[in-house]
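Please keep the model open in your viewer and follow the stops below in order, selecting each group of residues as it comes up.

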Amino acid sequence: METARVLVAADKFKGSLTAVQVAERVTAGLRRVVPDVRVETLPVADGGDGTVAAAVAAGFERREARVTGPLGDPVTAAYALRGSTAVVEMAEASGLQHLPDGVFAPLTATTYGSGELLLAALEAGATTIVFGVGGSATTDGGAGMLAALGARFLDADGKPVGPGGGPLAELAEADLSGLDPRLADIDLVLASDVDNPLTGPKGAPEVYGRQKGASEEDIAVLDAALAHYASILGPDTAALPGAGAAGGIGYGALVALGARFRPGIEVMLDVLGFAPALARATLVITGEGSLDEQTLHGKAPAGVAAAARAAGIEVVAVCGRLALPPEALEKAGIRRAYALAELEPDPAVSMAQAGPLLERAAESIARDFLLR
């Protein structure tokens with residue numbers, strides 16, 4: 001019998017394991033049952049947090065820059081570079097992970113550092129930038145990012161408006177003439193797993209504001225401020241797909257920087273070299289922390305499964321928690337899912353012991369799919 005060739009292309013288990021660690025644990029479990037199995041690992045991400053790590057695991061060089069965090073304090077942020085292609089993750093500069101526990105700033109958190117991170121990639125010679133957006137602490141429509149890149153946002157007195165989405169209610173003039181001229185010559189790809197508009201019932205403040213500490217009053221303020229901001233930057237642009245990504249930073253990138261929106265997992269699979277790896281595989285293992293309804297809407301496992309199914313290669317998944325029925329998995333192209341919750345029902349224990357449990361799940365996959 002021909003030796004199986006397994007491709008492990010899974011996302012992180014948020015709060016437990018990075019995508020690289022998931023791949024390592026799955027590989028260890030498979031080899032415990034089939035020692036000579038050929039395993040290729042390709043940690044994946046969908047544009048949100050973990051995107052730079054996935055690029056580095058695929059051979060990109062990790063670079064660091066000192067930038068402005070969401071609260072205005074300096075933070076160290078990483079991006080990835082290979083040749084003239086950079087992978088920039090806005091969460092590295094402006095993500096929730098930079099907020100102290102229990103501290104939020106829904107009206108004033110800024111994406112200024114994300115603009116500084118894009119500048120660092122430009123300085124490094126990047127002509128193609130994959131801009132992964134998600135996990136933001138911000139709802140400023142990308143105004144902070146644009147300010148770092150040379151734009152000016154002024155109130156009626158000609159003074160710069162304050163940081164964050166709230167002060168955009170006072171915006172009287174948006175001057176984009178000072179944007180870094182190098183931006184006109186690059187290919188900027190907005191990589192996101194959400195296609196929400198900027199404002200309204202499905203907009204950034206309403207859908208994502210609460211997770212950033214926004215009260216109902218804050219959400220109303222932010223929605224009105226962003227609508228006003230959009231009316232100045234460009235009428236009828238707030239409804240662009242992806243405009244509401246990461247607190248509206250998608251809007252700033254699309255309208256002011258000429259970015260093109262693509263589903264994050266599609267972009268990342270291209271950048272990471274998924275197609276040639278898939279061509280070498282006889283079985284694909286994907287997964288993430290929770291397989292649920294959100295997974296089906298642009299998350300990494302769904303993208304991996306769709307590509308593998310199109311190539312006629314069988315796919316199974318690993319996860320911490322499974323909240324999809326078998327028919328939904330089948331429709332997504334996933335033959336079977338192995339959940340850590342089946343091995344350890346206590347969520348806290350399961351998260352703490354995710355590594356060993358994942359190895360046990362991989363042993364089951366090996367028995368079910370490699371010894372037949």
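**First stop: a loop threonine**

Select Thr237 and Tyr251, whose side chains are joined by a polar contact of 2.7 Å; a polar contact here is a pair of N or O atoms within 3.5 Å, where within protein one must be able to donate a hydrogen and the other to accept it, and residues adjacent in sequence count only if both atoms are side-chain atoms. This is a predicted model, in which local features need pLDDT of at least 70 and side-chain atom pairs count only at pLDDT 80 or more, while totals for chains, interfaces and linings use all residues. Residues are numbered from 1 along each chain as its sequence is written, and side-chain values use heavy atoms, with hydrogens and water left out.

Thr237 sits in the loop between helix H7 (216–233) and H8; helices (H or I, at least four residues) and strands (E, at least two) are DSSP runs, numbered from the N terminus. With a relative accessible area of 15%, Thr237 is buried, a term that means under 20% relative accessible area, against exposed at over 50% and partly exposed in between (1.4 Å probe, protein chains only). If you leave aside neighbours within four places in sequence, Thr237 is in contact (heavy atoms within 4.5 Å) with Ala230, Ala243, Tyr251 and Val255.

**Second stop: the sheet**

Now display the six strands that form an open sheet of mixed pairing, in the order S3-S4-S5-S6-S9-S10; two strands pair if DSSP finds at least two bridges between them. Strand S3 (61–68) and strand S10 (260–263) are at the edges with a single partner strand each, so one side of each has no neighbour in the sheet. From one strand to the next the twist averages 30 degrees.

Moving on, S5 and S6 run parallel with five bridges between them, Val87 having Val130 as its bridge partner in S6. S6 also pairs with S9 in the parallel sense, over five bridges, and there the partner of Val130 is Val189. Four of the five residues of S6 are buried.

Which residues have the most contacts inside the largest nonpolar core? They are Ile129, Phe131, Leu146 and Tyr229, in a core of 52 residues; such a core is a set of buried Ala, Val, Leu, Ile, Met, Phe, Trp, Tyr and Cys residues joined through side-chain atoms within 4.5 Å. Helix H8 (residues 245–256) gives the most to this core, with seven residues. Apart from this core lies another, of 41 residues, among them Val52, Val130, Ala191 and Leu324.

**Last stop: a loop aspartate**

Finish at Asp180, in the loop between strand S8 (173–175) and S9, which counts as buried at 14% relative accessibility. Its side chain makes a polar contact of 2.8 Å with that of Arg182, and, neighbours within four places in sequence aside, Asp180 is in contact with Leu119, Leu122 and Leu149.

Methods:
Axes are lines fitted to C-alpha atoms, for helices over the stretch in contact, and angles run from 0 to 180 degrees between N-to-C directions.
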